[in-house]
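Colleague: I am new to this structure and would like a friendly tour. Could we go through it together, one question at a time?

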Amino acid sequence: SGMVKADLVGPVCETGDFFARDRAMPLFEQGDLIAIMSAGAYGFSMASNYNSRPRPAEVMVKAEQFSVIRARETPDELFKGESVPEFL
């Protein structure tokens, strides 16, 4: 794959949801994995459930080894404890 000049954006529909703007990067394909070293609110320590988004998984990486150390939050976990009142 070659290089392409593009914006790298997050999945939230907000005007400030950019990781990079007008940056040369590889032409990614579906299924590719990339590492973003400073992901702000997309990293677990600053994550929230804004827009009903589950919190991310945490992955520890050491050289060529990696391990999921906290699983991604599921929608069932996200909505646990919520209920719809009977009058609706």
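Modeller: Gladly! Helices, of at least four residues, and strands, of at least two, are DSSP runs numbered from the N terminus. Please keep in mind that this is a predicted model.

Colleague: Thanks! In what pattern do the helix and strands follow along the sequence?

Modeller: The protein has one helix and four strands. Reading along the sequence gives their order, which is β-β-β-β-α.

Colleague: How far apart are the mean positions of the positive and negative charges?

Modeller: The protein carries 9 positive and 13 negative charges.

Colleague: Let us turn to single residues. Is Asp22 buried or exposed?

Modeller: Asp22 is part of strand β2, which covers residues 18-26. Its phi is positive, about 50°, although Asp22 is not a glycine. Most residues other than glycine have a negative phi. As for accessibility, the relative value for Asp22 is 54%, and the cut-off is over 50%, so Asp22 counts as exposed.

Colleague: What is the phi of Asn51?

Modeller: Asn51 sits in the loop between β2 and β3, the latter being residues 58-62. Asn51 is a residue other than glycine, and its phi is positive, near 60°.

Colleague: With which side chain does the side chain of Glu73 make a polar contact?

Modeller: Glu73 is placed in the loop between β4 (65-70) and α1 (75-79). Glu73 counts as buried because its relative accessibility is 12%. Setting aside residues up to four places away in sequence, Glu73 touches Pro54, Arg55 and Leu78, as well as Asn49. The polar contact, at 3.0 Å, is with the side chain of Asn49.

Colleague: Which residues is Ile69 in contact with, leaving aside its neighbours within four places in sequence?

Modeller: Ile69 belongs to strand β4 and is exposed, because its relative accessible area is 51%. Its C-alpha atom is separated by 5.6 Å from that of Val59, 10 residues apart along the chain. Beyond the neighbours within four places, the contacts of Ile69 are Glu58, Val59 and Met60.

Colleague: How far apart in space are Ala63 and Phe19, C-alpha to C-alpha?

Modeller: Ala63 lies in the loop between β3 and β4. With 74% relative accessibility, Ala63 counts as exposed. In sequence, Ala63 and Phe19 are 44 residues apart, and in space the distance from C-alpha to C-alpha is 24 Å.

Colleague: One last thing: what percentage of the contacts with a separation of 6 or more comes from residues 24 or more positions apart?

Modeller: A contact here means heavy atoms within 4.5 Å. Among contacts in the protein with a separation of 6 or more, residues 24 or more positions apart account for 26%.

Terms used. Residues numbered from 1 in each chain as written. Predicted model: local features only at pLDDT ≥ 70, side-chain atom pairs only at ≥ 80, totals over all residues. Heavy atoms only, no water. Lys, Arg positive; Asp, Glu negative; His and termini not counted. Charge placed at Lys NZ, Arg CZ, Asp CG, Glu CD. Buried < 20%, exposed > 50% of the residue type's maximum accessible area, 1.4 Å probe, protein only. Polar contact = N/O pair within 3.5 Å; in protein donor to acceptor, adjacent residues only side chain to side chain.
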